[in-house]
Amino acid sequence: MLYTSTRDKSLRVEASEAITRGISEDGGLFVPVDIPTLSLQDLQDMIPLSYIERAKKVLSLYLTDFTPEEIDSCVSGAYAPGKFSSEKVAPLVTLDDRTEVLELFRGPTCAFKDMALQLLPYLLTTASKKAAPDKEIVILVATSGDTGKAALEGFKDVPGTRILVFYPKDGVSPMQQLQMATQEGENVSVCAIRGNFDDAQSGVKTIFTDRAVAEKLSENGLMFSSANSINWGRLVPQIVYYCSAYADLLEKGKVAPGEPMNVVVPTGNFGNILAAYYAKRMGVPVKTLLCASNANNVLTDFLTTGTYDRNRTFYTTMSPSMDILISSNLERLLFHLSGEDDAAVRTWMDALAKTGKYTVTDDVFAKIKETFAAGFADDPTVSGVIRKTYEEEGYLSDTHTGVAITVYRDYTAKTGDTTETVIAATASPYKFSKSVLIALDGSAPELPEFEMAGVLCEKTGIPVPAPLSNLKDKTVRFSADCAVDEMEQQVYDMLRI
C-alpha cells in the first residue's frame with residue numbers, strides 16, 4: 001500500500017513516511033493510492049471479534065509496511081482493557097427502532113478523538129523509527145476543543161516526541177479549556193490564540209509548510225508531524241469504527257448481510273465523515289452519508305450546491321468543536337471524486353486561499369450527490385431536540401451529537417428514508433454541561449464548571465465521567481496566549497530553540 005499527495009499524484013511514499021511527515025511538502029494531504037476492500041464475508045467474520053481484533057484486520061490493509069507484530073502492539077496498547085469505559089470500546093446504543101448511536105466518547109478524554117489519538121502515538125513512534133530514526137518528533141496541533149486534549153493525553157511523556165497545542169482563546173468550552181490547561185507531562189505545551197479555530201488551523205498549516213521553520217527544527221534534531229486529521233495516521237483509525245459498527249448491526253440483527261446503513265456525522269473539519277466514506281469505498285454497505293452542521297453551515301452549502309464559500313459570518317455556538325469554516329479533509333474527498341486530478345485540487349485550494357471560495361465541476365458535484373446528504377441546525381433547535389430526545393428516548397446527548405440527531409430527524413421527515421441509521425456520538429454531555437442544562441431546563445445556574453456538572457448529574461442521574469470529575473483538583477499549568485502572527489515564535493519558545 002502506497003500513498004500519494006492530493007496536490008502531486010506522482011508522489012509515492014509508504015504508510016510510515018506518510019504518518020511521520022503528517023502533511024506533504026507541497027501542502028497536500030496523503031491519501032492511499034488504492035483503497036483496499038472488505039468483502040461481505042469479511043464483515044460477517046468480524047461479528048465475534050473484539051474491537052482490537054477488528055482494528056488489526058482493517059489497519060493491516062492500510063499499513064502494509066508495519067509487521068503484524070507491530071500492528072498488534074500498537075492496537076493492543078491503544079485499546080487495552082481499562083482505557084475505555086466500555087468493553088466494546090465503541091458501542092452501539094439503540095435510540096429507536098431504526099436508529100443506533102455509535103458512542104465514540106468512552107475514552108480517557110470523553111471525546112471521539114480518543115478513538116484515533118490513543119492509537120496515533122503508537123503508530124507514529126513505530127513509523128518514525130522507519131522513516132526518521134534520527135529525529136525527535138514535534139507534534140503540532142490546532143484544536144477546536146477535543147483534539148487538543150486527546151492528543152495531549154495520547155502523547156504525554158511518549159519518548160522521542162514533543163507536543164504543542166494551539167486553541168482559540170474564546171472558542172472552546174470551559175471544560176475543554178480546563179482539560180488542556182491542566183495537562184500533565186514533561187513533553188507537552190499549550191497556548192491559546194487570539195482568534196478562531198480557522199486562524200489556528202491556518203497558522204499551523206503555514207508553519208508546517210515553511211521551509212525555513214523546517215530547516216531550523218532539523219538543525220536541532222527535530223521534525224514536525226501532526227495529530228490533526230490531516231495526518232493519515234489520525235484518520236485511518238477512524239475507518240475502523242464504521243466497519244465495526246456494521247458488524248455490530250449484523251450481530252444485533254438490525255440489518256441482514258448486505259443490507260445498507262445510513263451514517264450521520266456531526267462534523268466541522270470533515271475528517272470523521274470522510275472516514276465513513278473510506279469505509280463505504282472499502283465495501284461496507286453504506287447508503288447515504290449525512291453531514292450535520294451547526295450554524296457554521298459551510299459544508300451543508302457545499303454539499304448541496306457544489307460551491308465552497310468561507311466568506312460568511314463566523315458563529316460561536318454551543319457546539320464549538322464544529323465552529324469551523326475551512327474543512328481541511330474535504331481536500332481528500334475532492335481528490336478521489338475528481339479522478340485523482342491533482343491539478344484541479346491545486347486550483348481549488350489556491351482559490352480557497354486567495355478568494356475564500358471555489359466551485360467544483362458538474363461531474364464531481366454529481367458524485368457528491370450520489371453519496372452525501374447534508375443539513376444544519378441552529379442552537380435553539382438543537383436544544384429542543386436534546387430535551388425531546390432525553391424526555392422521549394431517555395438518551396442524553398452532548399451538543400454536537402444533538403446537531404446530528406436534529407439533522408437526521410429533519411432528513412427522515414423530508415425524505416421518508418427508513419434505512420437503519422448509525423449516528424456518530426462525538427462527546428460526553430458533561431463536556432458541555434451548561435449548554436445541556438439550558439437545553440433541558442431553558443436556563444442554567446451561574447456556577448463554576450464542576451458545580452454545573454454536579455447539577456446535571458443530579459437532574460439526570462447519569463454519573464460524571466471520571467476523567468472529567470478528576471480535573472477538579474488539578475493545577476493549571478498553561479495560561480499563555482498569543483496573536484495569530486506570533487504563533488511561529490511561540491513554537492520556537494515552546495521548543496526552546
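How do the residues of the lining of the largest cavity divide into nonpolar, polar and charged?

Modeller: The model is a predicted one. In the lining of the largest cavity, 14 residues are polar, 7 are nonpolar and 3 are charged. The cavity itself holds about 240 Å³ of space, and the count of cavities of 30 Å³ or more comes to 3. Its lining comprises 24 residues, of which Phe112, Lys113, Ser144, Asn269 and Ser321 are the closest to the centre. Two or more lining residues come from each of helix H7 (146-155), H11 and helix H12 (271-282).

His400 belongs to helix H18 (residues 399-415). Because its relative accessibility is 2%, and buried means under 20%, His400 counts as buried. Its side chain reaches the backbone oxygen of Ser319 at 3.5 Å. The C-alpha atoms of His400 and Ala427 are 7.3 Å apart, although 27 residues separate the two in sequence.

The largest nonpolar core has 112 residues, and Tyr62, Tyr79, Ile239, Tyr242 and Tyr358 touch the most other members. To this core helix H11 (residues 232-252) gives the most, with 13 residues. Apart from it lies another core of 37 residues, including Met175, Ala439, Phe450 and Met452. Tyr242 has contacts beyond four places in sequence that include Leu102, Met261, Asn272, Ala275 and Ala424.

How values were computed. Residues are numbered from 1 along each chain as its sequence is written. This is a predicted model: local features need pLDDT of at least 70, side-chain atom pairs count only at pLDDT 80 or more; totals for chains, interfaces and linings use all residues. Side-chain values use heavy atoms; hydrogens and water are left out. A nonpolar core is a set of buried Ala, Val, Leu, Ile, Met, Phe, Trp, Tyr and Cys residues joined through side-chain atoms within 4.5 Å. Buried means under 20% relative accessible area, exposed over 50%, partly exposed in between (1.4 Å probe, protein chains only). Helices (H or I, at least four residues) and strands (E, at least two) are DSSP runs, numbered from the N terminus. Contact means heavy atoms within 4.5 Å. On a 1 Å grid over the protein atoms alone, a cavity is a set of points where a 1.4 Å probe fits but cannot get out, and a pocket is an open set with protein on both sides within 12 Å along at least five of seven lines; lining residues have an atom within 4 Å of a point. Grid points are joined across faces, edges and corners, and a volume is the space filled by probe spheres set on the points. Ala, Val, Leu, Ile, Met, Phe, Trp, Tyr, Cys and Pro count as nonpolar, Asp, Glu, Lys and Arg as charged, and the others, Gly among them, as polar. A polar contact is a pair of N or O atoms within 3.5 Å; within protein, one must be able to donate a hydrogen and the other to accept it, and residues adjacent in sequence count only if both atoms are side-chain atoms.
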